Amino acid sequence: MSNKVARRLGKCLFVSGRRFESRQSILQLRTETLTDTPLSATLDQSQFSMFKAAEIVNAAAACAEAECIEQLKKTDVVPLLMNYLLGEEQILVADPTAVAAKLRKMVVGGAGKTVVISDFDYTLSRFANEQGERLSTTHGVFDDNVMRLKPELGQKFVDLKNKYYPIEFSPNLTMEEKIPHMEKWWGTSHSLIVNEKFSKNTIEDFVRQSRIVFKDGAEDFIEALDAHNIPLVIFSAGIGNIIEYFLQQKLGAIPRNTHFISNMILFDEDDNACAFSEPLIHTFCKNSSVIQKETSFFHDIAGRVNVILLGDSMGDIHMDVGVERDGPTLKVGYYNGSLDDTAALQHYEEVYDIVLIHDPTLNVAQKIVDIINSSH
């Protein structure tokens, strides 16, 4: 914030204080006139001072925020980003006014009020490579590698995907109708992994040889969040261990600001898979119902009232539900479907603030974080 803006905000605080001191005197006079009793006889001096101070502070804070928002309207950061978003053919913004308003509030709050909640598969990772070939999800790591080592078992993973994937994305079924099928798919897949007793070392090797690829700019994005102490909550219906191993291999270590809500493989004393964590997290239950309230990240995101939500499916749009906050959620959706499916594309526009069509980068998310950091 410039010195000029700071001086204006300071003046705003001073004027607000003087204005409310005057208002407090009038209030005291009116009270004493109506009751024939000095206000000091009703409240002791410390209570009266606290009453006056609280009103002054609240009014000054409101005035400061209003002044800051007015200053933002005169700066270029939000309009420049909006111009970029609206000028790109592959970016859809259904309600530019609402998006600009959310961005302004986020810029006012700064990094200290921000948390990023993101899906992993096809959100932080790429959907397809340069040749247009579809890449892997975290569950797909087992599909690919097991087929190579144990074709019979690998075929079971493939058969599950062929059976349930069309159900997951069927436009003819409601979410309630899909849920039992998703539970069956996830549960059966997890049982195959546990029954085979894959070792931790084997799974780490699967990840090294996997076809999971970061979106362009993902490493810089994650490191920027860590540098500015913005929590990153990776909320995935995939396999959390795969994400952890992938981040360790790509970044060298898991950043301290990063938290995971996912299906975790549990290992026995010999480091062999023996179970999965509960409750089961599938595509359509990514909300507070699967979050343990005592989880440490709740303490880390306390006071983070502004949420940047990144997802690629209808199941991702409620990832912020259950997070205690009173600020805006800016929902950024990555659309990987067919451009001919206008109904699906329209649905994305209805539930996401910003829709990125076939975007293999995290450029937009990075730009949002950049303007939040630039104001403080």
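This is a predicted model: local features need pLDDT of at least 70, side-chain atom pairs count only at pLDDT 80 or more; totals for chains, interfaces and linings use all residues.
I started with the lining of the largest pocket and sorted it by class: 20 nonpolar, 17 polar and 11 charged residues.

Next I looked up the pocket itself. Its volume comes out at about 1400 Å³. The lining has 48 residues, and those nearest the centre are Glu168, Phe169, Thr283, Ser313 and Met314. I then checked which elements give two or more residues to this lining: helices H6 (140–149), H7 (151–168), H8 (175–196) and H13 (342–351), plus strand S3 (232–239).

Where does the largest pocket lie relative to domain 1 and domain 2? I found that domain 1 (92–128 + 213–374) and domain 2 (139–208) both supply lining residues, so the pocket lies between them.

**Whole chain**

I stepped back for the overall numbers. I count 14 helices and nine strands in the chain. Of its 376 residues, 47% are buried.

**Thr114**

I picked Thr114 in strand S2 (residues 114–118). Buried or exposed? Thr114 has a relative accessible area of 1%, and the cut-off for buried is under 20%, so Thr114 counts as buried. Leaving out residues up to four places away in sequence, I get these contacts for Thr114: Ile230, Pro231, Arg304, Asn306, Ile308 and Ile372.

**Val307**

Asn306 and Ile308 were on the Thr114 contact list, and I went on to Val307, which sits in strand S7 (residues 306–311). Val307 has a relative accessible area of 0%, so I filed it as buried. I also checked Val307 against Met106: they are 201 residues apart in sequence, and their C-alpha atoms are 8.5 Å apart in space.

**Asp300**

Last stop was Asp300, in helix H12 (residues 297–300). How accessible is Asp300? I read 41% relative accessibility, which means partly exposed, as that class runs between the 20% and 50% cut-offs. Which residues does Asp300 touch, not counting those up to four places away in sequence? I found Pro231 and His259. Pro231 was also among the contacts of Thr114. For a sequence-versus-space check I took Asp300 and Val115: the pair is 185 residues apart in sequence, with 9.6 Å from C-alpha to C-alpha.

Key:
Residues are numbered from 1 along each chain as its sequence is written. Side-chain values use heavy atoms; hydrogens and water are left out. On a 1 Å grid over the protein atoms alone, a cavity is a set of points where a 1.4 Å probe fits but cannot get out, and a pocket is an open set with protein on both sides within 12 Å along at least five of seven lines; lining residues have an atom within 4 Å of a point. Grid points are joined across faces, edges and corners, and a volume is the space filled by probe spheres set on the points. Helices (H or I, at least four residues) and strands (E, at least two) are DSSP runs, numbered from the N terminus. Ala, Val, Leu, Ile, Met, Phe, Trp, Tyr, Cys and Pro count as nonpolar, Asp, Glu, Lys and Arg as charged, and the others, Gly among them, as polar. Domain bounds come from an automatic or database domain assignment. Buried means under 20% relative accessible area, exposed over 50%, partly exposed in between (1.4 Å probe, protein chains only). Contact means heavy atoms within 4.5 Å.
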